[in-house]
Structure formats: structure tokens, C-alpha cells
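Here are my notes on the model, as numbered points. Please read them with the structure open.

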Amino acid sequence: MATVASPYASTNDYALTPAQDAFALLGRVLIALLFIPSGWGKIAGFSGLVGYIASKGVPLPEVCAVIAIAVELGLGILLLVGFKTRWVALLMAIFIIVITFIFHNYWAVEAAQVMAQKMNFYKNLAIAGGVLAFAAFGAGAYSVDGSRRRA
């Protein structure tokens, strides 16, 4: 079976068109707007975060709170600048999927909370899908990864 190479394919990565590079940058910025401020907020409200995590029955809530801050703030910044984007996005997707089943388990909440938790559950899965696209296709040219590839 013959394979057809993309006109944009390179030997080590997917090359994107200029419009795709711009959309990749915009996508990274928009996702970072969700994660980076949330990470800062978790630092400011650390004790409350630990209490919330403990209320869900998660073991080692302090460690989990630090992991949440590291992912949201640390990996959020790395995603924003596009450094090691594929790995960062994969780690973020795993984190999002795991926490979604713990913190937005709409099937186990009071009837008054089902709709809000269900909406947050599917919103988080959509965000995981968005970061998985970065895991698949990279950060684009307007990123640290893109500048290192051109050098």
C-alpha cells in the first residue's frame, strides 16, 4: 500500500501552515488562561484546597494539592510558551481526566448538583481533548519548541 506524504510533513515533526501556527498559539494562550490563574489561586488558598481534596477522600491531600499547583501553574506556563509541548500536554490530559472523575462525579451527587457537575465533567473532558491535540501536533512555530526546531 502506498503512503501519501503531507506537503507540510517534515522528517521529525508535523509542520503547520502559518494560519495553523497562529491558531496553535491562540489555543495555547486560551488554555493557559484557564490553568495559570487557577494555579495561582490554589497557592493563595492552599489550606482550603487541601481541605477540599481531603473531603473527596483523596489520600495525601497536601501532596495532591502541590501536584495540582505544579500541573496548573508549572505545566500551564510550559504549555503557554510551548516548551516540550507534546509531553506537557500529555501530562495535563492525564491530570485532567483523573481529577474529572474524582471531583466532578455527577452520578454520585445530590440531585441539585447533578447538572452543574455533569457540565463540569464534560467541559473537563473537552479541555483534555484540546490538550491532547497539542500532544498530537505540537505547539506550532510560535513557541520555544518551534524556535528550537528551526535552529
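1. Start with leucine 60, in the loop between helix 2 (46–55) and helix 3. In this predicted model, leucine 60 has a positive phi of about 50° although it is not a glycine. The residue counts as exposed, because its relative accessibility is 59% and the cut-off for exposed is over 50%.

2. At 39% relative accessibility, lysine 84 counts as partly exposed.

3. Aspartate 145, found in helix 6 (residues 144–150), is in contact with Gly82, Phe83, Lys84, Thr85 and Ala139, leaving aside its neighbours within four places in sequence. Is aspartate 145 buried or exposed? It is buried, with a relative accessible area of 18%. That value falls in the buried class because the limit is under 20%.

4. Now the overall fold. The protein has six helices and zero strands. From the N terminus on, its elements run α-α-α-α-α-α. Of the 151 residues, 36% count as buried. Among contacts with a separation of 6 or more, 68% come from residues 24 or more positions apart.

5. The largest nonpolar core holds 18 residues. Which of them touch the most other members? They are Ile31, Phe35, Leu79, Met92, Ile96, Val131 and Phe134. Helix 1 (18–44), helix 3 (61–81), helix 4 and helix 5 each supply at least two residues of this core. Helix 4 gives the most, with six residues. For background, nonpolar side chains tend to be buried together in soluble globular proteins.

6. Not counting residues up to four places away in sequence, valine 131 touches Ile31, Leu79, Ala89, Met92, Ala93 and Ile96.

7. Check glycine 129 next. It lies in helix 5. The C-alpha atoms of glycine 129 and alanine 93 are separated by 7.5 Å, yet these two residues are 36 residues apart along the chain. Glycine 129 is partly exposed, with a relative accessible area of 38%.

8. On to the aromatic residues. A search of the whole structure finds eight aromatic pairs. In one of them, the rings of phenylalanine 101 and phenylalanine 121 have their centres 5.1 Å apart. Why is this pair edge-to-face? The planes stand at 90°, and angles over 60 degrees count as edge-to-face. The pair links distant parts of the chain: phenylalanine 101 is in helix 4 (residues 85–103) and phenylalanine 121 in helix 5 (residues 111–137), 20 residues apart.

9. Phenylalanine 101 is partly exposed, with a relative accessible area of 43%. Phenylalanine 121 is buried, with a relative accessible area of 5%. The ring of phenylalanine 121 also pairs with that of tyrosine 122, with centres 5.0 Å apart. Their planes are at 80°, so this pair too is edge-to-face. Tyrosine 122 is partly exposed, at a relative accessible area of 44%. Ring pairs link Phe101, Tyr106, Trp107, Phe121 and Tyr122 into a cluster.

10. Last, the surface. The accessible surface of the protein comes to about 9000 Å². Carbon and sulfur atoms hold 72% of that area. Phe23, Leu25, Leu26, Val29, Leu30, Leu33 and Tyr142 make a nonpolar surface patch of about 680 Å². Phenylalanine 23 is exposed, with a relative accessible area of 61%.

Note on methods: Residues are numbered from 1 along each chain as its sequence is written. This is a predicted model: local features need pLDDT of at least 70, side-chain atom pairs count only at pLDDT 80 or more; totals for chains, interfaces and linings use all residues. Side-chain values use heavy atoms; hydrogens and water are left out. Rings of Phe, Tyr and Trp (its six-membered ring) pair if their centres lie within 6.5 Å; planes under 30 degrees apart count as stacked, over 60 as edge-to-face and the rest as tilted. Helices (H or I, at least four residues) and strands (E, at least two) are DSSP runs, numbered from the N terminus. Buried means under 20% relative accessible area, exposed over 50%, partly exposed in between (1.4 Å probe, protein chains only). Contact means heavy atoms within 4.5 Å. Accessible areas come from the Shrake-Rupley method with a 1.4 Å probe; for residues, only the protein chains shown count as cover. A nonpolar core is a set of buried Ala, Val, Leu, Ile, Met, Phe, Trp, Tyr and Cys residues joined through side-chain atoms within 4.5 Å. Patches are made of residues with over 30% relative accessible area and no salt bridge: like charges are joined within 9 Å, nonpolar side chains (Val, Leu, Ile, Met, Phe, Trp, Tyr) within 5 Å. A salt bridge is a side-chain nitrogen of Lys or Arg within 4 Å of a carboxyl oxygen of Asp or Glu.
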